Amino acid sequence: MKKFNIRKVLDGFTAASSSSSATAQPGAPKENDVVQETLQSEHFQLCKTVRHGFSYQPSSMAFDPVQKILAIGTQTGALRLFGRAGVECYCQHESGAAVIQLQFLINEGALVSALADDSIHLWNLRQKIPAILHSLKFNRERITYCHLPFQSKWLYIGTERGNIHIVNVESFTLSGYVIMWNKAIELSTKSHPGPIVHISDNPMDEGKLLIGFESGVVVLWDLKSKKGDCRYNYDEAIHSVAWHHEGKQFVCSHSDGTLTTWNIRAPAKPVQIITPHGKQPKDGKKPEPCKPILKVEYKTTRAGDPFMVLSGGLSYDTVGRRACLTVMHGKSTAVLEMDYPIVDFLTLCETPYPNDFQEPYAVVVLLEKDLVVIDLGQIGYPIFESPYPLSIHESPVTCCEYFVDCPAELIPALYSVGSRQKRQGYSKREWPISGGNWGQGTQSYSEIIITGHADGSIKFWDASALMLQVLYKLKTAKVFERARGKEEKPNTDIVDEDPFAIQALSWCPESRMLCVAGVSAHVIVYRFSKQEITTEVVQLLEVRMQCEFSDVDSPDPGGEQTPTPSTPGAASSPQSEPLAQPPTGSNSSEGPRDNIPCLQLRSSPLKQFPGYQVELVIQLVWVSGEPPQQITSLAINSSYGLVVYGNSNGLAVVDYLQKTLLLNMGTSELYSPSEPYQRQPLSPRRGRQPSGALCDSNDGSNTSEDRCKSPTSDAKDNSFTRSRSSSVTSIDRESREAICSFCFCESFPRKSDSLVSPCLLVGTTQGSVMMVALSLPPGGDHRLQQPVGIASCGTMTRLKGGILTMALLDAAGTLLPPSYELWYDPNASDEEKEKSRRRRPASPHLSQEGQDAQFAVLCSEKQAKVVALPSQTRIYKHNITETSFVLRADVVQMAGTNCIACFCANGHIMTLSLPSLRPLLDVNYLPLTDMRIARTFCFSNLGQALYLTSPTEIQRITYSQETCDNLQEMLSELFTPVETPEAPNRGFFKGLFGGGAQSLDREDLFNETAAGKASRSLAQHIPGPGGMEGMKGAASGVVGDLARARIALDERGQKLGELEERTAAMMGSADSFSKHAHVMMLKYKDKKWYQL
């Protein structure tokens, strides 16, 4: 435990590090005032924990019908595995190549992935973090299709050249047995049949392999005789093939929208040709061609007609129609429209055996942006309600906040109001993907993630115990009028798209007060209520904020009364009435727009359901043809009843209890006239992007309308290559100073104060930190009648770069959170309100003469400082980065104390101790590649952090050593021991006359003795990091017994060959011994004992 004596630091006795400086200042604490810092570097370690959401850009899918685990591969080489609710896992191929196909080793705890870079990989799923055991990289041929028969160790690999190679999945070595395309097709065929698009063995005869070529040729290959038994030719290209379980027929889907059914003994022509979506001409001619049927599956049932499920095949005249999945069952055909294009689908069946009645019960449909599971067992084919958090991207995420260790009653309260929002009409059966087990984590604290979206919605998520579940959804757009027609635009016509997008939010978990800022320069204040109400007129406050460049009188820093802002359009009195009537500004086509908000408030009564209900709407208006600047910072305090927001014009303070504007002040007016920090206001250049905006601008050529663009309007260009000075967005030296950070606190507004009082810390993009004093009336009725006094107290200090976060510590180094009011239901009776409504008392911090009682912790994009209060002397300073800039910084609780956590644009994640600002962690984690990460990265308490790693996925990380140590226990298990179902009974007569499934000893055909050695130049074997050596290393750890058990399971496959050889030798020896014993018996059979 390291102890820091502030007196010695101030007197210069303690040596400063190279990156931080401490200077002696007057008014230092007494020598016995010692701040004990318990955090050390050993408390920190950075690692990824879990990834939530829908797999971004999915490309393939597989399902283990015994383990009931679903795997999804993506175009970026990612692998996501899903089991029951809360069981999910993320892996990544190092190459980043697209996953073109996945194949489970059913009930073996292993998965084979084939990639677009012509490599195949074997994943071990028997450990909580799956790892690659083996890899095989093909050098001369491109992989197009893979097939692994059930309970086989031989994997068939089809290539672009039309050849098939065979891989032993236990050793990941190639067999010498190769099926060449020119031997498979007829010798008379002059053209190449094209790439392999399908491989499967006959369900009733493992010795017969069905090979589909893209050109339309299908070959039934005899593995033993090494020749083609039958060849089936069709004029149209093939996309997929499916067997009937009896092995006598198969179905092909073609590029002209037809399905052909073939009898394996009649290769001359198909038994049936149908066009499911083709219009049947009356004259008996062929139907008009349709779009290709990309995939077909043929599943049988014991009790009724078989199911045929297919994707694609729609007629060409259905232009603009959404993608469809077609389910054909008997004489009925159901066409199920999907919200997004179909990537792949799988029919889930009761049995893993291909030679038995399949009994399909569900279809898993992988869409470009969703995962849908259809229930085949109920009329109308309803979908299952997904237990996974796959709706993060339902509307693009524009902002994100993370709260750890929330009040225990919050999650149940949000869940109770959110459960009423659930859709109806789902299947009543349980979710069919039900494999795996939950982790054994012991964390008891609750975690909540709040996401703001482009459509104006806000979602609350339960993120406890490494899981994610949506709790409640709030639609902020309900308070505004919507455009009724497609061509109708909002009344001000300045927003290209997503006018309701959420830009920032401020939430008080204790009081449940919520404040959100939208991209159309609007702020909405919400209260939480469990009762439904109808609001006749939504309370509206219109605010006119503009940058005034004439000489203005700064507020008297010593005054106690509320200053009268000199900015035109500001409230003339703190008691000004709310503007609930329609705006009266000019919006004529001749003159410039003035006093017009970007959005029109709802005029009809608003029915508000239990949950978050609108308290007040604040809208910034146009000023002389200039649109309002976007809001860059926002804060709410339930104890004071105040909301504050700022932009590049200045800041405004609103009393949401009295519904009045208290202060509307330009940034330059916050400075005292004599301050050296004051900057002369410069004329703004038209089209400058305000600080903190979500849009990314590289130049000043934007029109004024661009300021109200959607946060998602730059989604197509995610590069982060803009010029940079001191702000997160492109704001250069000539641009206006914007407000970028707030902190409500109980502190000392001025150096001369000895008692704490309500204050507001204000941070700007130029690094200034100002103190604003708040004078609150007494509680009760007086609070609603008397005005709140506000006085600017000038600049406290200045840092390099824009201010990101501010906080207060007491003299012992303990974090002083803002005061808050405990939650009460605003619609409850007055008696209940009084019982629950009480303000949390602030700690009475007294400052003795010449002694500091608080520390202000300030962090900017370049520096961190600790300033003693009330003397306002700098105690510590640390230069965080010289060449980059900090994107996000938060003061967080960690291991019973506090620290600053920072994320830099160069990818470094750092933590600094408090109050001494010692570097504790510095890891080069994630280079900033797009604005999404900068917009959504956030730290929280207890070593937790998250960011949006893709438009559809949240990546959670931890910087806590304790969490990293316990991560194995907290993660879910994918593989669980399950007995493989018994094989179907062949029946007496089938067994007697040989009518059942014919087995094949593939070992005799494909081993090195029978097939010879494969060409070494064809493929290269690469041992994986999850191979035997890695497993043996893990065995020496805490989970040694489990790891040793896994090693034994992996070595089992390698020793099977040796065991077979030993068994054969023992059988030979036993046979020889039997023969020798028989000869000896005959020799001495008739002899008496005395003749021996």
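**View 1. Ala62 stands opposite Ala71 of strand E6.** The model is predicted; local features need pLDDT of at least 70 and side-chain atom pairs pLDDT 80 or more, whereas totals for chains, interfaces and linings use all residues. Residues are numbered from 1 along each chain as its sequence is written, and side-chain values use heavy atoms, without hydrogens and water. Strand E6 (residues 69-74) pairs with E5 in the antiparallel sense over six bridges (strands are DSSP runs of at least two residues, numbered from the N terminus; two strands pair if DSSP finds at least two bridges between them).

**View 2. An open sheet has four strands in the order E5-E6-E7-E8, with antiparallel pairing.** Strands E5 (58-64) and E8 (88-92) each have a single partner strand and stand at the edges, so one side of each has no neighbour in the sheet.

**View 3. Trp507 in the largest nonpolar core.** This core has 36 residues, of which Ile448, Phe460, Trp507, Leu514, Tyr612 and Val617 touch the most other members (a nonpolar core is a set of buried Ala, Val, Leu, Ile, Met, Phe, Trp, Tyr and Cys residues joined through side-chain atoms within 4.5 Å; buried means under 20% relative accessible area, with a 1.4 Å probe and protein chains only). Helix H3 (residues 410-418) gives the most to this core, with five residues (helices are DSSP runs of H or I, at least four residues). Beyond four places in sequence, the contacts of Trp507 include Phe403, Leu410, Arg512 and Met513 (heavy atoms within 4.5 Å).

**View 4. Glu669 lies in the loop between strand E46 (660-666) and strand E47 (739-747).** Glu669 is buried, with a relative accessible area of 4%. The Glu669 side chain reaches the backbone nitrogen of Gly666 at 2.7 Å.

Note on methods: Buried means under 20% relative accessible area, exposed over 50%, partly exposed in between (1.4 Å probe, protein chains only). A polar contact is a pair of N or O atoms within 3.5 Å; within protein, one must be able to donate a hydrogen and the other to accept it, and residues adjacent in sequence count only if both atoms are side-chain atoms.
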